[in-house]
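These are my notebook entries on a single model.

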Amino acid sequence: MPDDELLRSTLRDQWHLTPTELTELPAALLSRGWEFVAGAVRYTARLVEAAARQAFEAGLLAAEHLRARRIDAGQPVRTLGGALTTEIPLGVLAVLRRVPGRCLDGRDPVDQQWWGERLGAVHRALQGFRHPGLRPWRLPEPDAGHLGAEPWLRGAVTAAVTAATRLTVTDQLTYGVLHGDPAPDAFVLDQSTGRLGLLHCGASGTGPLVYDVAAAVAYAGGPDRAAELLDGYRAAGPVGADELDAALPVLLRLRWAVLAERAARRGSPAALETARVALESMPG
C-alpha cells in the first residue's frame with residue numbers, strides 16, 4: 001500500500017490536487033481506497049492491481065453510464081493528460097468525485113433495504129453498458145498451487161466450483177455487469193436529499209447477477225441476516241425471485257470459496273479462517 005507521501009505526490013503531479021485531509025477507507029476485496037479533500041471538493045482515490053487496469057477503467061466508465069441514467073455514482077476525474085487512471089509502483093490509481101452522504105450500515109434493517117434496492121437498480125441500469133475491458137467472470141482454478149495452504153482448502157474450492165459450473169449449465173441465469181464487491185460502504189445515503197448513491201463500480205466484469213447478490217449477502221452475515229437486503233433487491237433488480245432463491249445458495253458458497261482462494265494467495269490467515277468457518281457452516 002502506498003504511503004501518504006507517494007499518494008499525495010501522485011495526486012499533485014497527475015491531477016493537480018493537493019489534499020488537505022487524507023483518510024484510508026476499509027479494505028475491499030478488489031481495491032484499496034482513500035477519501036480526501038482538495039479545495040472545497042471531496043474525492044475518493046482507488047488503487048487496484050496493475051493487471052486489473054482494463055476492468056478498473058470499465059468500472060469507471062460504468063459509473064458515467066449510471067450518472068447518465070440519473071443514478072448517483074462517483075464521477076471519474078481524468079488526469080492532467082486526459083487518462084482515467086495512472087500507474088504507480090504498487091498498482092493503478094484513479095480519482096473520483098465523492099457522492100455526498102453517509103455510507104450504509106449493513107447491520108441496519110432499513111439501510112439493508114436501501115442497499116439491496118440500489119444494487120438492483122444498478123444491475124438494471126447497466127444492462128445496456130458495453131466496454132472492451134469488461135471481463136467474463138472466472139471461477140477459481142482448483143489445481144492452483146496455493147490451495148495446498150490448508151488441508152481443507154482445495155476440496156472446498158473444488159466443491160464450490162463444481163456446483164457453480166453445474167448451476168450455469170443446467171439453469172437459465174440472468175447475466176449482466178457485476179459490481180464485483182458490493183459492500184454496504186460502497187453505497188451512500190444523502191440525508192439532506194434522501195438520494196442513494198454508489199461510490200464506485202469496482203473492477204467491473206460480467207457474470208450471473210446473483211453472484212453480486214451473494215457477495216452482498218456474505219457482507220451482511222449470511223442469508224439469515226440479509227432478509228431486508230434481499231427484499232430490496234427483489235423489488236428493484238432484474239433477477240426473478242425463483243432464480244434468486246435457486247441460485248443464491250450455490251453462488252454464496254462460491255463467493256466464500258473465492259474469498260478463501262484470495263486469502264490463500266495473499267497469505268492472509270485471518271481472512272482464510274473466516275472463509276473456512278463460513279463454508280463449514282453452510283448447509284449441504
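How much area is buried between domain 1 and domain 2? I find about 2,400 Å², of which carbon and sulfur atoms give 62%. Buried area here is the accessible area, taken with a 1.4 Å probe, that two parts lose on being put together, summed over both. I note that Leu29, Leu30 and Asp72 supply 27% of the area that domain 1 buries against domain 2, more than any other three residues.

Basis of the entries. The model is predicted, so I recorded that local features need pLDDT of at least 70 and side-chain atom pairs count only at pLDDT 80 or more, while totals for chains, interfaces and linings use all residues. Residues are numbered from 1 along each chain as its sequence is written, and side-chain values use heavy atoms, with hydrogens and water left out.

Domains. I took domain 1 as 4-98 and domain 2 as 103-281; the bounds come from an automatic or database domain assignment. Their C-alpha centres lie 23 Å apart. I recorded 26 residues of domain 1 in contact with 31 residues of domain 2, where contact means heavy atoms within 4.5 Å.

I looked up salt bridges (a side-chain nitrogen of Lys or Arg within 4 Å of a carboxyl oxygen of Asp or Glu). Two are found across the interface of domain 1 and domain 2. Asp72 forms a salt bridge with Arg195, with the closest N and O atoms 2.8 Å apart.

Elements at the interface. Helices (H or I, at least four residues) and strands (E, at least two) are DSSP runs, numbered from the N terminus. Helix 2 (53-68) and strand 4 (72-73) each supply at least two residues of the side of domain 1 that touches domain 2. Helix 2 gives the most to that side, with 10 residues.

Strand pairing. I counted two strands as paired if DSSP finds at least two bridges between them. Strand 4 runs parallel to strand 12 (residues 195-198), joined by two bridges, and Asp72 stands opposite Gly197. Strand 12 also runs antiparallel to strand 11 (residues 187-190) over four bridges, with Phe187 opposite Leu198. In the hairpin of strand 11 and strand 12, four residues lie between the strands, and Gly194 takes a positive phi near 80°.

I found three strands in the order 9-13-10, with mixed pairing. Strand 9 (135-136) and strand 10 (175-178) are the edge strands. Strand 9 pairs with strand 13 (residues 205-208) in the parallel sense over two bridges, and Arg135 stands opposite Gly205.
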